[in-house]
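Please read them with the coordinates open.

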Amino acid sequence: MSSPSSLSKPSKDYPETIDPQAVLDELQFVHGELSDNEKASEYIAPVETRKKLQELEHQRTTWEVVTSVFGTAFIGSTAVSIVGLIGLALAWKPLTRIQKLGRLIKLIEKLLEAFEDLGVEALPLIRVPGLQPIDLFVRFPGKEFLLFAVRSFGESTIVYNEKKQALYYKRGRKGSKRWEPDPMQELSDQAYWLRKNQRELFGSSKGVRKPMAKVVVIWGKTQLDQHREHLYAEVGGQKFLFLPREGGACYVIHQSQVVEFTLAYLSERREKLLNQ
């Protein structure tokens, strides 16, 4: 568990640091608390469940004390705390909130395991007015940025419809249906808002103008279909699904490709900088 003394020092890239381990600790704590609460409410009528959740929300003042254990690991108005995470989590349906936090925990763990030595910083659940919270903002030294949206649609397969410029899901022989709300459009809207309203996350005005990979991560039992060759872009010597659609281009990858893609993206960016 991180403490203020163990946090990384401000760098020339980012005057204010993000401590991803402290972020992970908080996510795990809130996930555990909400999971316990949901289990207790599993066989209670919906009205009683809502009452339980209200009681949990009232406990936030007590949990504020716990946040001091994690130190100041976050930035300004985007600060993530146990209180803030609970507020966001309670806005989702019971099953959704547990699954969402669980996926983010696994994603951050993967990134830390692979890239902690490279100085990876991860900030989850950034509030965006009028939109869903940003799932995960990731940055590396040298002002390299990625924005992840983690999505799952049960036991289905995701396919891109070029004519409609949208993702569809299909199950067995039932045909395909458009994925609503559109995760790619949500991610593009979030990226636009982030650059405009949270410039401090990018370290400088120059950082705001640098590329940021927008990545939809297909999670769990949901599968990503094979697509036509021209829809794949080469990144760091490897090919990933890249959809240059109106409203903002996005990469779409499977959960199993997260580390592979991130490594390839950093390699690609490093190569471009060397050739400038």
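1. In this predicted model, strand 2 and strand 3 run antiparallel to one another and are paired over five bridges. The two strands make a hairpin with three residues between them, and in the turn Gly-142 takes a positive phi of about 90 degrees. Within this pairing, Arg-139 has Phe-145 of strand 3 as its bridge partner. Arg-139 also lies over the face of Tyr-14, at 3.9 Å from the ring centre.

2. Strand 3 (residues 144-151) has a second pairing, with strand 7, which is parallel and extends over seven bridges; here Leu-147 has Lys-214 in strand 7 as its bridge partner. In a regular strand, side chains alternate between the two faces of the sheet. For strand 3 both faces are covered, with Glu-144, Leu-146, Phe-148 and Val-150 buried on one side and Phe-145, Leu-147, Ala-149 and Arg-151 buried on the other. Eight of the eight residues of strand 3 are therefore buried, each being under 20% relative accessible area.

3. Which residues have the most contacts inside the largest nonpolar core? That core has 67 residues, and the ones with the most contacts inside it are Leu-136, Phe-137, Val-138, Phe-148, Leu-194 and Phe-261. Helix 5 gives the most to this core, contributing nine residues. Setting aside residues up to four places away in sequence, Phe-261 touches Leu-146, Ala-213, Val-215, Phe-240, Tyr-251 and Ile-253.

4. The aromatic pairs in the model number eleven. In one of them, the ring centres of Phe-115 and Phe-140 are 5.6 Å apart and the planes stand at 90 degrees, so the pair is edge-to-face. This pair joins distant parts of the chain, since Phe-115 is in helix 5 (residues 94-115) and Phe-140 is in strand 2 (residues 134-140), 25 residues apart. Both Phe-115 and Phe-140 are buried. Elsewhere, ring pairs connect Phe-240, Phe-242, Tyr-251, Phe-261 and Tyr-265 into a cluster.

5. Lys-210 deserves a separate look. Is Lys-210 buried or exposed? Its relative accessibility is 15%, and Lys-210 therefore counts as buried, the cut-off being under 20%. The residue is placed in the loop between helix 7 (205-208) and strand 7 (212-218). A polar atom of the Lys-210 side chain lies 3.4 Å from the backbone oxygen of Lys-143. Leaving out neighbours within four places in sequence, Lys-210 is in contact with Gly-142, Lys-143, Glu-144, Phe-145, Arg-195 and Arg-269.

6. For strand 8 the pairing is with strand 4 (residues 157-161), in the parallel sense and over two bridges, and in it Ile-158 stands opposite Leu-224 of strand 8.

Technical notes. Residues are numbered from 1 along each chain as its sequence is written. This is a predicted model: local features need pLDDT of at least 70, side-chain atom pairs count only at pLDDT 80 or more; totals for chains, interfaces and linings use all residues. Side-chain values use heavy atoms; hydrogens and water are left out. Helices (H or I, at least four residues) and strands (E, at least two) are DSSP runs, numbered from the N terminus. Buried means under 20% relative accessible area, exposed over 50%, partly exposed in between (1.4 Å probe, protein chains only). A polar contact is a pair of N or O atoms within 3.5 Å; within protein, one must be able to donate a hydrogen and the other to accept it, and residues adjacent in sequence count only if both atoms are side-chain atoms. Contact means heavy atoms within 4.5 Å. Rings of Phe, Tyr and Trp (its six-membered ring) pair if their centres lie within 6.5 Å; planes under 30 degrees apart count as stacked, over 60 as edge-to-face and the rest as tilted. A charge sits over a ring if NZ of Lys or CZ of Arg is within 6 Å of the ring centre and within 35 degrees of the ring normal. Two strands pair if DSSP finds at least two bridges between them. A nonpolar core is a set of buried Ala, Val, Leu, Ile, Met, Phe, Trp, Tyr and Cys residues joined through side-chain atoms within 4.5 Å.
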